[in-house]
Amino acid sequence: MIDFLTILAWFVAILSIYVASYYFLLYFDSVNEEQDRVSTPHVTIGISAYNEERGIYKTLQSLNESIYPKSKIHVVVVDDKSKDNTIKEVKRFQKEHPKLDVTLLKNSRNKKKAYYLNKVLKMAKTDFLITMDADSQAAPKAIASLVKYSKGVSVVTPCVLPSEKNKVLARIQAIEYIYSNYLSNILSGFDAQIVAPGPFSLFRVTDLKSIGGFDEKSIAEDLEVVFRLRKKGFKMRLSPTAYVYTDVPQTVTALIRQRRRWKAGFLDAVQKHPKSLEPHTEFGRQNMLNALYHLVPLILLFMFIRFAYNSIKPLFDVIRYVGFDPWIYLRTLSFSVDLLAVDMQMVIYTFFMAAMTLMFLYLASKFQNERPKFFDTFLFIGIYGMAITTATLLAIYSWIKGDYVW
Amino acid sequence: MAGIITVIVFVSGFSVGMVWDQFRTQKLQSNLDEISVYSTSLFLESQLLEDLNCPAFLPVIQGAVNDIGTSLDEYTKYTEASVLGLDAQKILYRKYLLSNIRYWRLSDIYKKQCSWNVTSVLYFFDKSCQQKCDSMSTRLDYLKRKYGETLLIFPINLQFAADDPVALTLMRLYNVTSFPSVIIDGETYGNLGLDELEVLVCKGMTC
């Protein structure tokens, strides 16, 4: 019999099928044309660092190994009043690599990342500013590849991948990044990317200054800034040849916390710029789908609670109406598998969505010459969603409460 | 275009779901037909023969009662996942119900003529009695697990059988006016506690 839960399950299935088909079709239409810019303009690279003694040297080292002319790179490291040896590490790098122009700024107070990026933006005398995370490493060609795609656009984003893939969780995230890079490449063809990744993104300084720089009150400044740039009609592109490697959360709790911030940042940005949901541009359609998809975890939670309640209720009924007598139930316990009881309709929808996801992953892996392991892919499709769903639910909760924590 | 693909996939899934449902219904129907024929034949036999061959018939009827229990489980599982309308389910249920009542009558006949050590319980319930029916169902299920094949429970779900003349006649005959109600040894009882229910069940058989 069709009940409310079935209708909700159908809603999730229909929405998921729509999204899967939508991106599948975008794949055929999107063309992210290669650019032919060969000039090497001066670039400023802004890095904000807080307690980054473990990775900052490696980050600067990656810039030092860039094929981009060192004379055209100015790195500004803003120390966010670190309590560890971050400053010492930067100074050690300066001493050991005098050819790379690295400026170290120290702050007396701990502030948000956007504040430091704005500080670097004000200082920047170059055409381009690259924002970089202190736990990320750029591939040797990364700067050149970003610059190559900068013609006529305000922002150029790279392909982001995890720096280490030893643990299962990191490998699963790697699949997600591969997926996400590929999607960004497709969306880039429609000028519809919604985020300029924090680990490494190139901005045209004049355009960024014209919108007042980064929003210091935003929890996801790399996303919010895109919304304001779009409002002014500025364009954005992905460079498929620019690679940056970043540290990814190593525990499920850290992953959930990170994703909660990203998703709450998205909801916050949408709330500040509601017109970004208008579907007459591809960017608007992306945001609308993204916002709509935030409903799915709510529905899944509701369904899970109902399912759990229905499963546990008989047990409570027994204790309540009969008393605690497990032996009788254990003695008469039986399992039977009846294939005819399977809901074939949902099996078909699940199969369709899994097939679309696998196909998309295959194309994405080919695009980035990566070969994810079958087991990791299985975990990605089967289990990873739960962590992301939890993060989305927490983000929605924070958003409703208006309580955003960095 | 994405919308069209979505509609195509959804309609395909729905159609396969419907076909699958039909297949399930047919399977359930053929099971019920088999049970129905079997119960009719046993019933006629019991009416025609003056002296029943008890040792030969008792295992047969015991097996048949188990089969109808399995059939009810299948019915419940299939209808939970079904997209079929309530009417189609009602018709299936009424088929099941008629066989169920026939077996209930048979169990009474065999009990009297063969001194069969069983107690049969006719259990009336519907959707409206929620918690009370939950408690009664849980207690009956517990006793069924406890006494196994010696306790025969014949449930009648009035949600599906409200229009069935046989169900209504039984209700009238046994003065069933509220739910849950159980008929044990020809007497009608309302919602009972576990101990009361167990005493009544054990009155008619060796516990």
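Colleague: How far apart do the C-alpha centres of domain 1 and domain 2 of chain B lie?

Modeller: In this predicted model, the C-alpha centres of the two domains of chain B lie 19 Å apart. Domain 1 covers residues 1-116 and domain 2 covers residues 117-207.

Colleague: What makes these two domains of chain B count as being in contact?

Modeller: Two residues are in contact if their C-beta atoms lie within 7 Å. By that criterion, 16 residues of domain 1 of chain B touch 14 residues of domain 2 of chain B. On the domain 1 side, α2 and α3 of chain B are the elements that give two or more residues. The largest share, 13 residues, comes from α3(B). By class, this side of domain 1 has eight nonpolar, four polar and four charged residues.

Colleague: Which parts of chain B touch chain A?

Modeller: Between the chains, 32 residues of chain B are in contact with 24 residues of chain A. Four helices of chain B each supply at least two residues to the side that touches chain A: α1 (2-48), α2 (54-80), α3 (86-114) and α4 (130-147). Of the elements of chain B, α1(B) gives the most, with 14 residues. The residues on this side comprise 14 nonpolar, 10 polar and eight charged.

Colleague: Why are α11(A) and α14(A) called roughly perpendicular?

Modeller: Helix α11 (residues 295-321) and helix α14 (residues 374-401) of chain A pack at about 105°, and their axes are 9 Å apart. Angles of 65 to 115 degrees count as roughly perpendicular; α11(A) and α14(A) are therefore placed in that class. From α11(A), the contact involves A:P297, A:L298, A:L300 and A:L301, and from α14(A) it involves A:T389, A:T392, A:L393 and A:I396. Six of these residues are nonpolar, two are polar and none is charged.

Colleague: How do you know that the radius of gyration of chain A agrees with that of a compact globule?

Modeller: A compact globule of 406 residues would have a radius of gyration near 22 Å, and the 24 Å of chain A agrees with this. Along the principal axes, the C-alpha atoms of chain A fill a box of roughly 80 × 50 × 40 Å.

Colleague: What percentage of the residues of chain A count as buried?

Modeller: A residue is buried if 20 or more other C-beta atoms lie within 10 Å of its own. Of the 406 residues of chain A, 39% count as buried. Chain A contains 14 helices and eight strands. Among its contacts with a separation of 6 or more, 85% join residues 24 or more positions apart.

Definitions and conventions:
Residues are numbered from 1 along each chain as its sequence is written. Chains are lettered from A and ligands numbered from 1 in the order in which they are written. This is a predicted model: local features need pLDDT of at least 70, side-chain atom pairs count only at pLDDT 80 or more; totals for chains, interfaces and linings use all residues. Ala, Val, Leu, Ile, Met, Phe, Trp, Tyr, Cys and Pro count as nonpolar, Asp, Glu, Lys and Arg as charged, and the others, Gly among them, as polar. Axes are lines fitted to C-alpha atoms, for helices over the stretch in contact, and angles run from 0 to 180 degrees between N-to-C directions. Angles under 35 degrees count as roughly parallel, over 145 as roughly antiparallel, 65 to 115 as roughly perpendicular and the rest as oblique. The radius of gyration is taken over C-alpha atoms; the globule rule is 2.2 Å times the number of residues to the power 0.38. A residue is buried if 20 or more other C-beta atoms lie within 10 Å of its own, exposed if 12 or fewer, and partly exposed in between; C-beta atoms are placed from the backbone. Domain bounds come from an automatic or database domain assignment.
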